[in-house]
Amino acid sequence: MPKTIFGTTEKSNFILNMRPETVQKWIHGVLLCCVIVPQLGAMAITLSNTTTVWLSSFLYATGFTGILFYLIVMLRADLKFFENPAYTIISVIALLSVVSYYGILIRGGGDEYLKTALFGTQGRYEGLLSLLAYFGIFLVATCVSRKKTIKSVFDILICAGILQAVYAVLQHIPGLGFPSDFNDLPFTRLQNVMLSSGLADSPIFYGSFVTLVSGVAVMGAIFDKSIIRARVYGLAAVLFLLTGLFTSSIVPIIGIGAALAGTVVIVALNRAKGVELSFKGGLLITPELRFAVLFGTLLGVFTLVYLFQGIYIRDKAIALSDAFFRLWIIGNPSPVNPLSLYQIAWTLSMDMALALPLTGVGPDCFAFVQFHAIDSIDKSYNEYLFIAATRGIPSLLAYLALIWVALRKGIGRMGDFFRDSENWFAPALFIAVAAYLLQSFWSVSAITVAPFFWLLLGFMCAKRIED
């Protein structure tokens, strides 16, 4: 009996009666758009040297399309809602986000407050609509069932990363005039520092981006059987570290360092299996040789940057300059404040979370409620505290529950890799997501990076991934 809905005809319900292979091809296309469309949006905004609400519209286009395709899969009964605990948890997170938004209305917040919570703070635009779009990307990613689709998305993501890395290199070269808001850091009296931010809108956020893509790049460079893909991924990993060091942020050092540490463990465990793995073509015919050359190259890049430029940590200056000049937060930073960025931001976050523990101050309203105080800042620079401060402690607990489910699923899928190293996508997902979660203690979600995180997190929560 053909599937129909609302008593309509079979012909009008052709989507419900497509073959599973056809549905997966549609999902493949949507997932590619989830990488490409936000990337195009970030490119358009960066090259025009402005930040407008149109940036979020690129995200809405993919996120809400993702929700539509997820509903189609549910209607077809290809997946069942209660078979995957991630669906229940993400629904709770979405509901709590809506509750946080309406909490402003209950407290008597004005129209401007509600508008900020819906669309996000000016220049960030990570309000309720953007959060729901993230969840849509996550949901459609959980519907994937083909390894080919994941590797195809990896390829597009690495290409996007290379594009951003090349742009970040050009931003770092004085005199070229590539758009960047971080050529100077006036609160430290530093001029012509030319910090790289890629298309992520901030050196700190770019550090989060290269953390995420580095986890994929190093695993592909070491374990993919295609010599071309392995070389491209290896080159990408080198570019990600190089440009990460050009940010003068601690975030890429922590994030990429974590990704490399995870890779060492995976390579060692794979070697311990006792199964010899070799590749055709090129001189680097084993994973161990590839890893040795890649690690040596990355170490050489780090050493050269340290010798010729120096490794600097300027997160506080980046964050305060970003908030004051680009986001039009009027409260002046204090030039004599001895506290670190994290002491300032984390203290504010905990105060907000304790003041409104159930709903927080509202999605992306962190800056809005500071009333232009001295050392006003627009983010917590700790993702977990930011969730608690803006959406409430229950939202943070639900988010941590989702992370727990994803990491357990990722660990369980490692067996596929150790049985067949061609399934390197499993440890790549785990390392990329785990490294991103670690660096999130010093960074925070951004509309130019978060879509890719939620995409990979969705892959980790997929029910089944087959050939």
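Visitor: Which residues of helix 9 meet which residues of helix 16?
Guide: Contact here means heavy atoms within 4.5 Å, and helices (H or I, at least four residues) are DSSP runs, numbered from the N terminus. On the helix 9 side you'll find Val251, Ile254, Gly255, Ala258, Ala259, Gly262, Thr263 and Ile266. They meet Pro427, Ile431, Ala435, Leu438 and Gln439 in helix 16. By class, this contact has 9 nonpolar, 4 polar and no charged residues. In that scheme Ala, Val, Leu, Ile, Met, Phe, Trp, Tyr, Cys and Pro count as nonpolar, Asp, Glu, Lys and Arg as charged, and the others, Gly among them, as polar.

Visitor: At roughly what angle do the axes of helix 9 and helix 16 cross?
Guide: Axes are lines fitted to C-alpha atoms, for helices over the stretch in contact, and angles run from 0 to 180 degrees between N-to-C directions. For helix 9 (residues 250-272) and helix 16 (residues 425-439), the crossing is at roughly 145°, and the axes come within 9 Å.

Visitor: Before we go on, what kind of model is this?
Guide: It's a predicted model, where local features need pLDDT of at least 70 and side-chain atom pairs count only at pLDDT 80 or more, while totals for chains, interfaces and linings use all residues. Residues are numbered from 1 along each chain as its sequence is written, and side-chain values use heavy atoms, with hydrogens and water left out.

Visitor: Which residues touch the most other members of the largest nonpolar core?
Guide: A nonpolar core is a set of buried Ala, Val, Leu, Ile, Met, Phe, Trp, Tyr and Cys residues joined through side-chain atoms within 4.5 Å. Buried means under 20% relative accessible area, exposed over 50%, and partly exposed in between (1.4 Å probe, protein chains only). The largest core has 141 residues, and Phe154, Phe453, Trp454, Leu456 and Phe459 touch the most other members. Helix 7 (residues 203-223) supplies the largest share of this core, 14 residues. Take Phe453: leaving aside neighbours within four places in sequence, it is in contact with Leu212, Tyr399, Ile403, Val433, Tyr436 and Leu437.

Visitor: How many salt bridges are there?
Guide: Side chains of opposite charge can pair when their charged atoms come close. The rule used is a side-chain nitrogen of Lys or Arg within 4 Å of a carboxyl oxygen of Asp or Glu, and by it the count comes to 10. One of them joins Arg76 and Asp78 (2.7 Å, N to O). Arg76 is buried, at 3% relative accessible area, whereas Asp78 is partly exposed, at 25%.

Visitor: Which parts of the chain does the pair of Glu126 and Lys379 link?
Guide: These side chains meet at 3.0 Å, N to O. Glu126 sits in the loop between helix 4 (111-119) and helix 5 (128-142), and Lys379 in the loop between helix 12 (341-355) and helix 13 (383-391), 253 residues apart. Both Glu126 and Lys379 are buried.

Visitor: Why does the salt bridge of Glu422 and Lys151 tie together parts that are 271 residues apart in sequence?
Guide: The side chains of Glu422 and Lys151 meet at 2.9 Å, N to O. Glu422 lies in the loop between helix 15 (414-419) and helix 16, and Lys151 in helix 6, so the pair ties together those parts. Glu422 counts as partly exposed at 24% relative accessibility, while Lys151 is buried at 11%. Salt bridges that share partners also join Arg124, Asp322 and Asp378 into one network.

Visitor: Is Asn192 buried or exposed?
Guide: Asn192 is exposed, with a relative accessible area of 59%. You'll find it in the loop between helix 6 (147-172) and helix 7.

Visitor: With which residues is Ile387 in contact, leaving aside its neighbours within four places in sequence?
Guide: Those are Gly392, Ser395, Leu396 and Tyr399. Ile387 lies in helix 13 and counts as buried at 1% relative accessibility.

Definitions and conventions
Helix = DSSP H or I, 4+ residues; strand = E, 2+ residues; numbered from the N terminus.
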